Amino acid sequence: MNPELQTIKNVREASRLMVRELGFMNQTLAATDYPPSAVHALLEVETHGAISAAQLVQILGLEKSSVSRMLAKLVKAGELEERPSAEDARTKLLNLTEKGRVTVQTINAYADDRVIAALKKLAPFTQITTSQGLSSYACALKASRENTDVNASNSVKIVTGYYPGMIGRIAEMHGVYYAREHNFGIIFESKVAAGLADFSARLDKPCNQIWLAMVNDRIVGSVAIDGEDLGNNDAHLRWFILDDGCRGSGLGRKLIAEAMSFCVEQRFSSVQLWTFNKLTAAIRLYESFGFKLSKEWEGDQWGSIITEQQFIRKIT
């Protein structure tokens, strides 16, 4: 199966399983007598404090009439109270009552216990990965519904310089992607890790720099300029990679743009990179920044015969 289709299938299956295991198929949720929509409404009121029904409609993504009926039941049950807004008496704001605060405490305790029990089944590193992945995916779903920029929703940051875990994470992204897509093996991943280790020790030199794309403090992309590797005032663009979920988002273009600006500032004569002909999306991106194919040849250094290519962009 196509890797992208397999990813879609896996995410859908996992989503259905989570819906069932979290109890969203039931008529009540989280050890309360309330349906899922009411439980979510109570939690949002706790999170935002005084909030209007219109704001809840936007947050919950439900129809106005459905939210109005649900809120009326919660007010009648004594969980919420309505008060006129100090800024506009025509607008009523919702707050938790004392009973509502007790109910929310019960919901949070129940939910925390479920999460703790599930996380205990995972290794510590997997717990962190799960938390970051769920957060990123939830942001992406929200951005899709609102038709906003997923990168803004995920708070993508581009940072420079050494970052703890950088060598292993970049090597991991390279190893996983190129093994899956092009059958590269241990020799390739080992060379990536060794090269990065050597380069990282030289980051104190002003001609060397690395850019890391971060989401929730996790590296999801990288590119580096090695100003010493080639000599002759030529820069070497290295270790350009994006995590699977970031391809096609425009993040790669931002990373390359940062690297090219750096090369201009450092007054390199040219920038060179090595790739191979099957990486068509990356090649189109390189060409859009002025890189031109200078040489190609067949090689088998990564375990299979590929058409390797060298691209050069003149700067001065």
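Seven strands make up an open sheet with mixed pairing, ordered E4-E5-E6-E7-E8-E10-E9. Strands here are DSSP E runs of at least two residues and helices are H or I runs of at least four, numbered from the N terminus; two strands pair if DSSP finds at least two bridges between them. Keep in mind that this is a predicted model, where local features need pLDDT of at least 70, side-chain atom pairs count only at pLDDT 80 or more, and totals for chains, interfaces and linings use all residues. Residues are numbered from 1 along each chain as its sequence is written, and side-chain values use heavy atoms, with hydrogens and water left out.

- Strands E4 (157–160) and E9 (292–299) sit at the edges, each pairing on one side only.
- From one strand to the next, the twist averages 25° (axes are lines fitted to C-alpha atoms, for helices over the stretch in contact, with angles from 0 to 180 degrees between N-to-C directions).
- E4 and E5 (residues 209–215) run antiparallel and are joined by four bridges.
- Isoleucine 158 has alanine 213 in E5 as its bridge partner.
- Helix H9 (residues 186–200) packs on the sheet and touches E5, E6 (218–226) and E7 (234–242), contact being heavy atoms within 4.5 Å.
- The direction of H9 makes about 125° with that of E7.

**Helix H3**
- Leu56, Val57 and Leu60 of H3 (residues 53–60) are buried (under 20% relative accessible area; exposed is over 50%, partly exposed in between, 1.4 Å probe, protein chains only).
- These residues lie on the same side of H3 because they cover an arc of only 105° around the axis, taken from the directions from the helix axis to the C-beta atoms.
- Exposed Ala54 and Gln58 are on the face turned away from the buried side of H3.
- Just after H3, glycine 61 has a positive phi of about 70°.
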